[in-house]
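Jotting things down as I go.

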Amino acid sequence: MKVVAAFLLAVLGGNTHPSADDIKDILGSVGAEADDERIEFLLREVKGKDITELIASGREKFASVPSGGGAIAVAPVAGGGGAAAAAPAAEAKKEEKVEEKEESDDDMGFSLFD
């Protein structure tokens, strides 16, 4: 990750085609060790490619990745169990609506500006 970050910093600094030495200089300036294998791998992968196009294609790939936290889909039960299944869902919604009030320490017996 630090090699990619150093590469992107070089590009942002105006160097459209950073070399391995440029990346090593950036990493060395912050005291990070430079791994020659990773630097050469990155440079092989991005050689001849436009960085803005690489970032755009990466964003498209990340857009298709689920990020969790989604709702769970539950299939309705066949037969007469539909009304019974709806009751727990209604109770869950009621519980969500009830918000616990935090105890307030508004003035704690004194005012900040007294």
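This is a predicted model: local features need pLDDT of at least 70, side-chain atom pairs count only at pLDDT 80 or more; totals for chains, interfaces and linings use all residues.

Numbering runs from 1 along each chain as its sequence is written, and side-chain values use heavy atoms, with hydrogens and water left out.

Entry 1, Ala6. I found Ala6 in helix α1, residues 2-12 (helices are DSSP runs of H or I, at least four residues, numbered from the N terminus). Ala6 counts as buried because its relative accessibility is 2% (buried means under 20% relative accessible area, with a 1.4 Å probe and protein chains only). Beyond its neighbours within four places in sequence, I see Ala6 in contact with Ile23, Ile26 and Leu27 (contact means heavy atoms within 4.5 Å). I also checked Asp22: its C-alpha lies 8.5 Å from that of Ala6, 16 residues apart along the chain.

Which residues make up the largest nonpolar core? I listed 12 residues: Val3, Ala6, Phe7, Val11, Ala20, Ile23, Leu27, Ile39, Leu42, Leu43, Val46 and Ile51 (a nonpolar core is a set of buried Ala, Val, Leu, Ile, Met, Phe, Trp, Tyr and Cys residues joined through side-chain atoms within 4.5 Å). At least two residues of this core come from each of α1, α2 (20-29) and α3 (36-46). I looked at Ala20 too, and leaving aside neighbours within four places in sequence, Ala20 touches Ile39, Glu40 and Leu43.

Definitions and conventions. Buried means under 20% relative accessible area, exposed over 50%, partly exposed in between (1.4 Å probe, protein chains only).
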